[in-house]
Amino acid sequence: MGQYLRVEWRASVGLIGAVLLYLTLPLLFPLALAVLYGEPVLPFLVPMAVTLGIGGGLRTLADIEEDVGPREAFLAVATIWLLVAAIGALPFLVAGNGTIAQPVNAMFEAMSGLTTTGATVIGDFDAHSQSVLMWRQLLQWLGGLGILILVTAVLSEIGVGGAQLMETETQSQSSNRLTPRISETAQLIWGLYLGLTVLVVAVLAGMHYLGPVVGVELAPNMNLYNAVAHALTSISTAGFSPEARSIEAFSAAVQWVLVPVMLLGSTSFVLIYFAIQGAPMRLLRSEEFRFYIGVFVLFTATSAALLVGTQELDMGLHDTVRHAAFNVASILTTTGYASQDFTNWPNAGQNVLFAAMFVGGMVGSTTCSIKSLRWLVVLKSFRRDLFTAIHPNAVRPVRVSGNSVDEETIRDIYGYVLLSIVIFFLLTLFIVIDGARSGVDPTEFEAMGAAASTVLNIGPAFGRAGPMNNYLVFPESTRAVMVVLMWLGRIEIVPVLVLFTPSFWRS
Amino acid sequence: MVTVQVVVIGAGEVGTSIAADLASDHDVVVVDIDESRVEEIKYDIDVLTLVGDGTKSSVLTKAGAVEADMLIASTDDDKTNLVICGTAETIGDPFKIARVKSAEYQRTWEQTGEAFDADFVICANLQAAGTIVDVIGLPSAVEVSSFVGGLVQMAEFDITEGSPITGQTVAEADRFDSLTFAALFRDDDLVLPRGSTIIKADDRMVVIGRPESVQGFAQQIAPVATPDRGDDIVIIGGGEIGYHTARMLEAREFSPKLIEQDSDRARALAEDLPETLVMNHDPTDTGFLRRERLDEANVLVSALDSDENNMLVSVLAKRIGAERVISLVDRSDYVQLFQEIGIDAAVSPRDVTAEEIIRFTREKVAENIAVLEGGKAEVLELELDADSEFVGRSIRDIDESVDSDVVFGAVSRRGTEVVPRGDTVLERGDNVVIFVESEFVDEMLAMG
């Protein structure tokens with residue numbers, strides 16, 4: 001059937017092989033930690049052998065003469081995310097401790113990590129070694145900005161194909177190029193990502209170690225290990241924490257510092273780059289940025305107002321504002337940390353967080369979910385439709401930051417938003433049915449929360465799957481489906497779905 | 001007046017009317033590639049004629065471009081006109097004027113003022129749009145002229161008894177950024193306004209400044225006649241002139257409506273004009289006009305491609321009740337006809353272009369751009385070169401060193417306007433618009 005297959009799979013395979021080979025490098029970090037702490041090193045040596053073996057093998061199959069076209073990019077992107085997650089699960093399996101030694105759970109944890117979801121199936125955090133817990137954090141950091149941007153930055157051989165890959169990964173036509181060469185743009189953005197991460201490590205560790213020097217315990221629990229672990233998952237808006245109590249385990253000062261870090265991770269990296277280059281006005285002129293910050297302020301104010309009126313929580317004004325701002329930022333940016341167990345919030349407050357799940361940060365950042373730009377276009381085009389209802393002959397382009405959006409893009413955005421919401425409802429339905437079958441009987445809010453949280457890559461849900469709990473409450477079959485949907489959601493649905501259309505494989 | 005030698009290339013409507021106007025005072029040579037047209041012109045006006053391709057060096061030499069003072073490239077083709085300027089540059093040193101239709105070329109030239117080897121590029125579409133916008137926006141002005149490529153405008157207004165600024169001092173009335181009160185004419189005398197000068201009824205006020213400031217001033221002194229932001233301005237036809245009209249209206253803070261029949265063009269216009277409501281429909285459909293309340297328009301501009309359509313739309317607009325109707329007219333001999341059937345104003349792009357070139361040519365000879373009130377005062381536009389005595393001095397310093405009263409109306413520097421204040425230091429390459437009493441013109445010219 002070879003001649004009927006119209007996808008130049010050899011081009012994709014070559015890429016996949018290269019990515020796996022490079023995956024050996026990040027595995028060195030937890031390996032070094034394991035050596036340092038005297039923990040088992042096998043959990044990292046095995047996956048390293050696998051990446052070198054399979055990666056090298058695929059490279060020999062590869063045909064680098066073939067161009068990476070749209071189909072090859074779809075195939076490569078979808079496969080790479082799946083394979084990297086599978087290899088990411090190996091350390092959990094080999095270590096063989098706790099709940100994640102079980103294959104579905106290991107895959108769930110790794111996929112949740114790589115897709116920066118942050119939902120966990122770890123029952124007991126003490127059962128795991130420091131190095132394995134750090135591997136979880138590192139997986140999130142690698143997935144944060146998108147693996148394919150990293151690949152484009154590293155692999156010069158991809159050349160023009162890199163643009164194709166980055167666009168496929170983020171489903172946006174205009175990956176804002178900073179330089180004429182796409183690989184240079186990717187390098188700049190990754191350099192920025194790395195720089196911001198180092199900065200966060202420095203700030204968090206600095207608070208811990210310098211605080212006592214001036215006589216204030218600013219961040220008692222935030223040692224260097226925790227500083228690195230949380231820098232890796234905050235700027236990447238990912239949400240894993242080696243602490244079972246998430247950010248509740250840290251001081252109010254740490255919580256305050258992490259709010260702008262999460263918001264920054266959700267801001268377009270291209271605009272951050274321009275801001276650093278001395279054009280901060282470009283950021284303020286961006287309507288998407290203003291919209292996203294506006295949503296943050298509005299949701300924070302609303303939940304703070306709802307919390308203030310609640311006697312049971314018994315918080316002062318400062319605590320109320322902090323917890324409202326932190327948890328709204330965490331959910332809105334799709335990070336998934338929690339500064340307290342928000343399942344104890346009044347229902348109305350929890351519903352605000354649920355609504356925030358669907359918004360997301362800016363396009364071109366580490367955020368997931370539907371993203372502010374899409375909502376902005378949907379709202380503006382809806383307002384336009386109201387106007388043309390009165391003036392049927394009026395020609396009114398939808399403008400974002402002064403640039404008009406073409407009608408085809410608007411249709412694509414409507415389609416994407418609708419598709420996300422349909423998938424969310426189908427997953428909710430599945431969780432409810434599967435739960436009823438297995439006797440878990442999730443409530444509607446638990447099911448909806450978990451569905452939104454996984455397909456939109458956020459992390460914690462509500463009820464029994466709340467931030468201080470885990471997803472073990474759901475039956476194994478549900479967890480397996482969630483693995484697929486986290487994968488689907490992270491690469492914005494389309495690259496996975498097209499693989500399942502017959503016409504993708506034929507002419 | 002000094003007699004100068006002028007070569008006009010292109011004997012179309014524009015070229016012919018320029019030649020006819022200049023022929024009485026100057027030595028004019030007309031060149032055209034079309035023999036029959038040259039024949040015709042030879043008997044109509046008293047000029048020397050030549051048949052040939054003006055882009056060729058040999059033809060230009062034969063026409064006398066080597067020793068000519070001025071060369072006007074006025075064929076119907078933009079590129080031909082620009083090539084003519086380039087060719088002329090190689091053989092002599094006349095002042096070269098090119099007429100273009102595309103605003104793009106005009107803007108390119110404006111960047112440096114030297115592109116295409118042209119000394120002056122005039123865009124017919126921009127000129128027509130500018131005229132329409134002045135007719136719409138400044139009905140109360142006695143006279144309006146534009147300098148420095150439309151960046152600066154000068155307008156004269158009659159102050160009436162009921163005007164809100166009557167009785168105020170100049171300082172009180174000066175509420176606009178970048179607007180200079182250049183002069184007052186009172187009982188046939190020229191008064192150069194100071195901050196304490198009191199404005200009286202029947203004064204004639206001359207202001208110089210950015211078009212939006214002039215618009216704001218007109219709004220202030222004649223609120224009834226001058227359209228404001230809430231007024232309905234409708235442009236029919238989204239061709240080049242319609243587009244530039246809408247764009248210039250937007251710059252003056254109006255929000256016009258623009259009707260264009262072609263859907264792709266309508267979309268492109270809507271993308272370019274954020275403040276304009278673009279509609280895509282047949283403009284001759286009265287049902288549509290009524291449905292969109294266009295019959296209640298305060299001003300309606302018909303800017304379609306053909307005279308027939310413009311006439312149809314204009315008559316229709318008048319009939320259904322538009323307050324003021326302005327129409328574009330392609331053939332200049334129809335201007336009269338349009339006005340006779342009750343159209344409030346008819347603007348011919350060829351006419352306004354020819355007028356502008358003639359005005360510019362005359363000014364080039366006399367080195368001023370406008371003479372006011374029967375020669376009492378003149379407005380000069382000077383480009384400061386390295387030899388100018390003004391360079392490196394502040395306006396206050398210059399003002400104190402000359403005997404006469406002189407007003408710096410506007411200073412434009414590298415394509416943007418600098419508001420002239422006492423401490424503004426002039427730089428090389430600045431374009432300055434100076435308002436000065438006639439008897440001191442020579443002194444100013446010698447210094448500048």
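In chain B, 4 residues of domain 1 touch 4 residues of domain 3; contact means that the C-beta atoms, placed from the backbone, lie within 7 Å. On the domain 1 side of chain B, the residues facing domain 3 are 2 nonpolar, no polar and 2 charged. For those classes, Ala, Val, Leu, Ile, Met, Phe, Trp, Tyr, Cys and Pro count as nonpolar, Asp, Glu, Lys and Arg as charged, and the others, Gly among them, as polar.

A word on the model. It is predicted, with pLDDT of at least 70 needed for local features and 80 or more for side-chain atom pairs, while totals for chains, interfaces and linings use all residues. Residues are numbered from 1 along each chain as its sequence is written, and chains are lettered from A and ligands numbered from 1 in the order in which they are written.

Now chain A. It has 21 helices and 3 strands; these are DSSP runs numbered from the N terminus, helices being H or I of at least four residues and strands E of at least two. The radius of gyration of chain A is 22 Å, close to the 23 Å of the globule rule for 507 residues, so chain A is as compact as a globular protein of that length. That radius is taken over C-alpha atoms, and the rule is 2.2 Å times the number of residues to the power 0.38. Of the 507 residues of chain A, 50% are buried, meaning that 20 or more other C-beta atoms lie within 10 Å of the residue's own, with C-beta atoms placed from the backbone.

Chain A is split into domain 1 (2–179) and domain 2 (407–505). Between them, 30 residues of domain 1 of chain A are in contact with 27 residues of domain 2. On the domain 1 side, H3 (70–95), H4 (103–114) and H7 (161–170) of chain A each give at least two residues, and H3(A) gives the most, with 8 residues. By class, that side has 16 nonpolar, 11 polar and 3 charged residues.

Next, where the chains meet. How many residues does each chain bring to the contact? Chain B brings 12 and chain A brings 8. In chain B, helix H10 (263–272) and strand S14 (277–280) each give two or more residues to that side, which has 7 nonpolar, 2 polar and 3 charged residues.

Strand S1 (394–395) of chain A pairs with S14(B) in the antiparallel sense over 2 bridges; pairing requires that DSSP finds at least two bridges between the strands. A:Val395 has B:Val278 in S14(B) as its bridge partner. The open, mixed sheet has 7 strands, in the order S1(A)-S14(B)-S13(B)-S12(B)-S15(B)-S16(B)-S17(B). Its edge strands are S1 of chain A and S17 (345–347) of chain B.

Last, H10(B). Its buried residues are B:Ala266, B:Leu269 and B:Ala270. Down the axis of H10(B) they fall within an arc of 100°, so they line one face of the helix; the arc is that of the directions from the helix axis to the C-beta atoms. Their cover includes S1 of chain A, along with H9 (240–251), S13 (257–260) and S14 of chain B.

Note on methods. A residue is buried if 20 or more other C-beta atoms lie within 10 Å of its own, exposed if 12 or fewer, and partly exposed in between; C-beta atoms are placed from the backbone. Two residues are in contact if their C-beta atoms, placed from the backbone, lie within 7 Å. Domain bounds come from an automatic or database domain assignment.
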